[in-house]
Amino acid sequence: MEEERTQSKKRKRNKPRKSQNNNNPSHQKNKVTHEPNQSSSAPAHPTKSSTFLDKMRARLSGGHFRMINEKLYTCSGKEALDYFKDEPALFDMYHTGYQEQMSHWPEQPVNIIMKWLKNHNPSLVVADFGCGDGRLAKNVKNKVFSFDLVSNDPSVIACDMSKTPLDSSVIDVAVFCLSLMGTNYQNYLKEAHRVLKPCGWLLIAEVKSRFDPNTGGADPKKFSKAVCDLGFSSVLKDYSNKMFVLLYFKKKDKQKSEMKEIEWPELKPCLYKRR
Ligand code: SAH
């Protein structure tokens, strides 16, 4: 994955325009379905013009993904929830682009988390914060509560993950796999702390450059300190992967009665370049 190192200027327009290119059938097709052109007049073999249309479709689709991605990194969880409530089709558009980006990563962090769970007791109850297509739940034996902004699957609970419907102290493992996207990401971690049992695990996988101060990312020590101040102990930091870091924390058994003000570092958006 190539990634823009600098935060680009916030675009005024954060949604693909509905009315743009209305007279262009390829655009209409591309907007929500990502299906191949099924027009009866379409030639059986690709011609120069159909290859061109395919390229244009892919470009539009990639552009929409990058726009939605930027939106999610530059707004709060509540705004993101409203954004998708207005147009749930944008969520599919986002995940088509997301999977495309992921296909270029040598290793996907969600697979490492699956392996970690498979090496632990399957009775551990998991909360997957920002589960995407819910593949973690589908690939482990554990009971998994999956949360995301939109649910296309009955096993996924649609909500802003800063406010899940879970009771307090019921979860053994809270997972954030590339999902600390909102500008209020600290509220997601506070929610994880609330729902975790004492000594419960917090597993965070994040894009490496977001924690690289040399390229404008956050200081990982500051981030780790903030998480510890929230009531966790740092257990392991794994920087071995080229694309992402994996941070393992455990919720402290006993909480200090007086909470001090926590200094959360800003996490820069992870923006994707056009391929
Ligand atoms: N964890 C999945 C998907 C990562 S993409 C995987 O590794 O495959 C990040 C996901 O976080 C997106 O699906 C996005 O919709 C979700 N997300 C971002 N902010 C959220 C919020 N406030 N509440 C719920 N889900 C959120």
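Predicted model: local features only at pLDDT ≥ 70, side-chain atom pairs only at ≥ 80, totals over all residues.

Trainee: Which phi does Ser169 have?

Mentor: About 55°, again positive and again not in a glycine. Ser169 sits in the loop between β4 (156-158) and β5. With 37% relative accessibility, Ser169 is partly exposed.

Trainee: Now Leu124. How do you know whether Leu124 is buried or exposed?

Mentor: Check the number against the cut-off. Leu124 has 18% relative accessibility, and buried means under 20%, so Leu124 counts as buried, even though its place is in the loop between α5 and β2.

Trainee: What does Leu124 touch, leaving aside its neighbours within four places in sequence?

Mentor: Asn142, Lys143, Asp172 and Val173. Take Lys143: along the chain it is 19 residues from Leu124, yet their C-alpha atoms are separated by 7.3 Å.

Trainee: What about Ser146, buried or exposed?

Mentor: Buried: its relative accessible area is 2%, and the label needs under 20%. Ser146 belongs to strand β3 (residues 144-148). Not counting residues up to four places away in sequence, Ser146 touches Asp128, Cys131, Ala137, Ser155, Val156 and Ile157.

Trainee: Moving to helices, why is α5 described as largely enclosed by the rest of the structure?

Mentor: Because seven of the 10 residues of α5 (residues 109-118) are buried. Those are Pro109, Val110, Ile112, Ile113, Met114, Trp116 and Leu117. Their cover includes β2 (126-129), α6 (135-139), β5 (171-177), β6 (196-207) and β8 (244-251).

Trainee: How do you know that the span of helix α4 agrees with what it should be?

Mentor: Helix α4 (residues 89-102) has 14 residues, which at 1.5 Å a residue should span 20 Å. Its end C-alpha atoms are 20 Å apart, so the two agree. Among the buried residues of α4 are Leu90, Phe91, Met93 and Tyr94.

Trainee: What makes α7 oblique to α8?

Mentor: Helix α7 (residues 185-195) and helix α8 (residues 220-231) pack at about 40°, with axes 10 Å apart. Under 35 degrees would count as roughly parallel, and roughly perpendicular runs from 65 to 115, so α7 is oblique to α8. As for handedness, α7 passes α8 in a right-handed crossing.

Trainee: Which residues make that contact between α7 and α8?

Mentor: From α7, Tyr185, Leu189, Lys190 and His193; from α8, Phe223, Val227, Leu230 and Gly231. By class, the contact has five nonpolar, two polar and one charged residues.

Trainee: Last one, for the chain as a whole: how many helices and strands does it have, and what share of its residues is buried?

Mentor: The chain has eight helices and nine strands, and 49% of its 275 residues count as buried. Counting contacts with a separation of 6 or more, 70% are between residues 24 or more positions apart.

Conventions: Residues numbered from 1 in each chain as written. Heavy atoms only, no water. Axes fitted to C-alpha atoms, helices over the stretch in contact; angles between N-to-C directions. Helix = DSSP H or I, 4+ residues; strand = E, 2+ residues; numbered from the N terminus. Parallel < 35°, antiparallel > 145°, perpendicular 65-115°, else oblique. Left-handed = near helix turned anticlockwise from the far one by under 90°. Contact = heavy atoms within 4.5 Å. Nonpolar A, V, L, I, M, F, W, Y, C, P; charged D, E, K, R; others polar. Buried < 20%, exposed > 50% of the residue type's maximum accessible area, 1.4 Å probe, protein only. Expected span 1.5 Å × (residues − 1).
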